[in-house]
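Dear colleague,

Please find below the structure I am handing over to you, followed by an account of what was found in it.

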Amino acid sequence: MRFFEYLKLKKKMLFILLGSLFSLVAIFVGTYYVAGMREEPSKSKAMGGASLYFDPQSPTVGVNSDFTLKVKINPGSEKVTAVELHLSFDKYKVRIENIESTQALQTILKAPLIDNNQGRASIIVAVLLKEGSSVIPVTEISDVVLVKVKTKSIPGTAFVRVDQNSKAAAIGKDSNVIESYGEASVN
């Protein structure tokens with residue numbers, strides 16, 4: 001009788017050991033797969049659609065201070081000709097003073113609209129458009145606009161985001177080419 005009890009105990013321990021080993025392998029494989037999935041979209045975006053993001057992404061500034069955020073575009077494989085930019089921000093901690101065009105997208109098609117009470121701002125910019133000249137699209141990482149920001153007297157972290165209703169036009173495309181939208185965290 002004791003021999004059979006001993007075998008049952010060994011079987012139970014073997015199942016527990018195999019179950020634990022299987023769980024560890026499953027966790028390792030799952031982590032590897034998820035990490036691979038996380039890297040893959042960034043590679044495809046670099047090769048395909050465009051992304052809008054801030055530079056710097058995490059500035060540290062004092063209370064009641066002025067600073068500038070650059071909104072940059074990585075066009076991927078697109079030939080970007082215009083950007084309709086919509087921003088949202090923490091209206092209690094920062095205010096946007098102005099939005100300026102840059103060398104890459106010099107033509108302002110719609111002047112900056114800044115609503116510091118709602119925490120929203122927008123502008124539409126395009127590549128330099130002159131009569132009789134050809135359009136030279138943005139094909140490398142470039143500044144889209146310069147956002148002049150002032151912190152308020154409330155300390156803490158504030159956000160400034162590129163809203164997902166922002167769009168970019170590109171040569172040969174009839175739809176928005178933006179695939180990712182960035183955020184700045186102002187400390």
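The count of aromatic pairs in this predicted model comes to zero.

As a general matter, nonpolar side chains in soluble globular proteins tend to be buried together.

Asp55 and Pro56 are joined by a cis peptide bond, with omega at about 0 degrees; Pro56 belongs to the loop between strand 1 (50-55) and strand 2 (66-74). Asn64 is likewise placed in the loop between strand 1 and strand 2. Although Asn64 is not a glycine, its phi is positive, at about 55 degrees, and the residue is partly exposed, with a relative accessible area of 46%. For context, most residues other than glycine have a negative phi, and most peptide bonds are trans.

Finally, regarding confidence, the average pLDDT of the protein chain is 82, and 74% of the residues score at least 70. Among the elements, strand 6 (residues 120-126) has the highest mean pLDDT (97) and helix 1 (residues 2-47) the lowest (49). Over residues 28-47 the pLDDT is below 50, and this stretch has seven contacts beyond near neighbours in sequence. Residues 21-26 also stay under 50, with zero contacts beyond four places in sequence. Where pLDDT is low, the predicted coordinates should not be read in detail.

Kind regards

Terms used:
Residues numbered from 1 in each chain as written. Predicted model: local features only at pLDDT ≥ 70, side-chain atom pairs only at ≥ 80, totals over all residues. Heavy atoms only, no water. Helix = DSSP H or I, 4+ residues; strand = E, 2+ residues; numbered from the N terminus. Buried < 20%, exposed > 50% of the residue type's maximum accessible area, 1.4 Å probe, protein only. Phe/Tyr/Trp six-rings, centres within 6.5 Å; stacked < 30°, edge-to-face > 60°. pLDDT = per-residue confidence, 0-100. Contact = heavy atoms within 4.5 Å.
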